[in-house]
Amino acid sequence: MCIRDSASTIDAVAQPDDAIVLVGPGQREDLARFYKGPLRIVELPQQPVDRDATIRHLEQLAGEHRRLYAVYRASEVNDPQGIVNGWLSTHTAATADQWLRNVRVVTNAAPHSTGDWPVQDSSAGFDGQIQLRQVARSAESVRAGDMLVLRTDWQALVQPKADYSLFV
């Protein structure tokens with residue numbers, strides 16, 4: 001069963017300060033059959049859909065928890081505008097995205113204030129087209145099982161001749 005797989009996946013990697021966001025109808029009862037862990041579980045968006053209230057709730061969750069596990073099953077029923085996925089995609093860093101049959105589980109790092117991240121200046125150039133100016137990281141060091149989130153600042157020196165992708 002896909003909800004069982006989702007519960008097992010989350011249980012295997014979750015830290016005590018994480019939370020689960022369920023997006024789609026009837027998931028709380030199904031998840032409760034398989035997930036017995038301590039994580040906070042929230043269903044969003046609340047019905048009827050209220051965009052502003054949903055965003056406020058997501059902001060609160062991201063401020064209180066380091067990781068949010070978004071579990072999407074038939075999410076178009078409860079969130080036809082994609083409010084939850086849109087906000088998480090814009091305000092958190094997706095560190096894992098997997099389909100477990102008909103359930104999508106996305107692990108989102110919710111970096112707290114990025115203003116106090118350690119910043120390192122760089123002058124690394126790439127083929128005279130683009131330059132990496134700065135790299136900021138969410139922490140000086142990380143523990144096993146923790147996440148390191150990076151923020152990069154790039155500058156185009158000329159119109160690049162090709163599209164580039166960055167991965168770490």
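Residues are numbered from 1 along each chain as its sequence is written. In this predicted model, local features need pLDDT of at least 70, side-chain atom pairs count only at pLDDT 80 or more, and totals for chains, interfaces and linings use all residues, while side-chain values use heavy atoms, without hydrogens and water.

**Exercise 1**

Find which residues of strand E5 are buried on each face, and name the strands that pair with E5.

*Solution.* 
Step 1. Strands (E, at least two residues) and helices (H or I, at least four) are DSSP runs, numbered from the N terminus. Buried means under 20% relative accessible area, exposed means over 50%, and partly exposed lies in between (1.4 Å probe, protein chains only).
Step 2. Recall the pattern. In a regular strand, side chains alternate between the two faces of the sheet.
Step 3. Sort the residues. Val 103, Val 105, Thr 107 and Ala 109 are buried on one side. Arg 104, Val 106 and Asn 108 are buried on the other. That covers seven of seven residues in E5 (103–109).
Step 4. Two strands pair if DSSP finds at least two bridges between them. E3 (67–72) runs antiparallel to E5 and is joined to it by six bridges. Tyr 72 has Arg 104 as its bridge partner. E4 (93–100) is also antiparallel to E5, over seven bridges. Here Asp 97 stands opposite Val 106.
Step 5. Check the turn. Two residues lie between the strands of the E4 and E5 hairpin, and Arg 101 takes a positive phi near 60 degrees.

**Exercise 2**

Give the strand order of the open sheet of three strands, and name its edge strands.

*Solution.* 
Step 1. The order is E6-E7-E8, with antiparallel pairing.
Step 2. E6 (119–126) and E8 (150–156) are the edges, since each pairs on one side only.
Step 3. Six bridges link E6 with E7 (130–137). One partner pair is Gln 120 and Val 135.

**Exercise 3**

*Solution.* 
Step 1. A salt bridge is a side-chain nitrogen of Lys or Arg within 4 Å of a carboxyl oxygen of Asp or Glu. The structure holds nine.
Step 2. The closest N and O atoms of Asp 30 and Arg 73 are 2.8 Å apart.
Step 3. Asp 30 lies in helix H2 (27–34), and Arg 73 in the loop between E3 and helix H4 (75–78), so the pair ties together parts 43 residues apart in sequence.
Step 4. Asp 30 is buried at 19%. Arg 73 is buried at 16%.
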